[in-house]
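Student: I would like to go through this structure and ask what stands behind each label. Please give the value and the rule each time.

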Amino acid sequence: MRRLVFLVPLGIFAVLVVYFAVGLTKDPKILPSVLINREVPPFDLPAIQGPFKGFANRDLIGQVTLVNVFGSWCIACRAEHPFLVQIKSQGAVPIYGIDWREVNRVDGPAWLARLGNPYTRVGDDPDSAVAIAFGVTGAPESFIVDKKGVIRYKQIGPITPEAWDRTMLPLIRELQKQ
Amino acid sequence: MRRFFLLLIGAAAVFGASRALAVEPSEMLANPVLEHRARVVDKQLRCVVCQNQSIDDSDADLAHDMRVLVRKRITAGDSNQQVIDYMVGRYGDFVLLDPPLKPATYVLWFGPAFIGLIGLGVLFLFYRRRIVRDSGDGDGDGEGKGMAEPPLSAAEKKQLESLLKGDNA
């Protein structure tokens, strides 16, 4: 029995190895959102230039929506954009855009004119007021909002086809039934 | 030598410059009391983009916007704690550079001390055993039994004596 005492440090070491091994596989950029199951923060953003409509939190009430934070400066947003256009063409859910931190007022509209506009409304958020209210740390980020205006899911980084098919679309379908 | 000092001064200038404040003059509040409070709050908030800097230190665009927001809320009459609570409400405890003390962070706060105590305990046991062994466990209390060497036999004593005398026979 006494001899087994020597195994205690080995045991502690093994536990630490597992603990750190798990920790290392996690992406430190991905923060758990504290906003899940909370109401969308109140906001009222003006529209970006061009044929777009402004975007306020009340626009989200009464329907399931996808809120997407993007910027023309953001490379990952460029990668995500075709998929958003595809979602739009399938009509699965209306997408609301927050055009975040454009350096120049015309950058966002020009981007959408060039690549296609998947958004029902696009708000202009040059000084991060609404991005911070949403707890955004980087673009793109997307939120699924239910009919009552409660945030139910947060996607950090581009929406991947896998995340869309496995998690997001099923959740949207379920929320639409409620 | 002179060249060395010039180099040193140059290096100090370069590094000194890079440590310049991230807070830009244009962001600062005219009221020095409020600005000071804003700086105090800035230093407690993590830049969520760079993660290991406070927003007071960070040049990230989002950090800039967070500093501006801190000043807006302070000007609007929020207390320092209210501003911090606002950020925590959006980013969670993560936005605090000093993690708060609560059950989820007990390991973080007490873990190092706990591991240190274990280390001290192990050291204590190790040295106690050695002292007991070195004293030959002659105190008869049976402590250190199994660890201490058994007493020398008559033959071993004889061998030891001859070795000590330098007699190689």
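Predicted model: local features only at pLDDT ≥ 70, side-chain atom pairs only at ≥ 80, totals over all residues.

Student: Why is the peptide bond from A:Ala139 to A:Pro140 called cis?

Tutor: Omega for that bond is near -5°, and the bond is cis. Most peptide bonds are trans. A:Pro140 sits in the loop between helix H4 (129-133) and strand S6 (141-145) of chain A.

Student: Why is the pair of A:Arg121 and A:Asp59 called a salt bridge?

Tutor: The N to O distance between the two side chains is 3.7 Å. The cut-off is within 4 Å, between a side-chain nitrogen of Lys or Arg and a carboxyl oxygen of Asp or Glu, so the pair qualifies. This pair links distant parts of the chain: A:Arg121 is in strand S5 (residues 119-125), A:Asp59 is in the loop between strand S2 (55-56) and strand S3 (65-70), and they are 62 residues apart. Over all chains, the structure holds 16 salt bridges.

Student: How many salt bridges cross between chain B and chain A?

Tutor: The rule finds three across that interface. A:Asp127 forms a salt bridge with B:Lys72, with the closest N and O atoms 4.0 Å apart. Helix H3 (61-75) and helix H4 (80-91) of chain B each supply at least two residues of the side that touches chain A. H3(B) gives the most, with seven residues.

Student: What makes up the side of chain B that touches chain A?

Tutor: Its residues divide into ten nonpolar, four polar and five charged. In contact are 19 residues of chain B and 18 residues of chain A.

Student: How much area do chain B and chain A bury between them?

Tutor: About 1500 Å², with 54% of it on carbon and sulfur atoms. B:Asp65, B:Arg90 and B:Tyr91 supply 35% of the area that chain B buries against chain A, more than any other three residues.

Student: What makes the group that includes B:Val122 a nonpolar patch?

Tutor: Patch members need over 30% relative accessible area and no salt bridge, and nonpolar side chains are joined within 5 Å. B:Val122 is one of the members, and others include A:Val5, A:Phe20 and B:Phe114; together the patch has about 1100 Å² of accessible area. Helix H1 (7-25) of chain A and helix H5 (106-134) of chain B each supply at least two of its residues, and B:Val122 lies in helix H5 of chain B.

How values were computed. Residues numbered from 1 in each chain as written. Chains lettered and ligands numbered in written order. Heavy atoms only, no water. Contact = heavy atoms within 4.5 Å. Buried area = accessible area lost by both parts, 1.4 Å probe. Helix = DSSP H or I, 4+ residues; strand = E, 2+ residues; numbered from the N terminus. Nonpolar A, V, L, I, M, F, W, Y, C, P; charged D, E, K, R; others polar. Patch = residues over 30% accessible without salt bridge, like charges linked within 9 Å, V, L, I, M, F, W, Y side chains within 5 Å. Areas by Shrake-Rupley, 256 points an atom, 1.4 Å probe, with all protein chains shown as cover.
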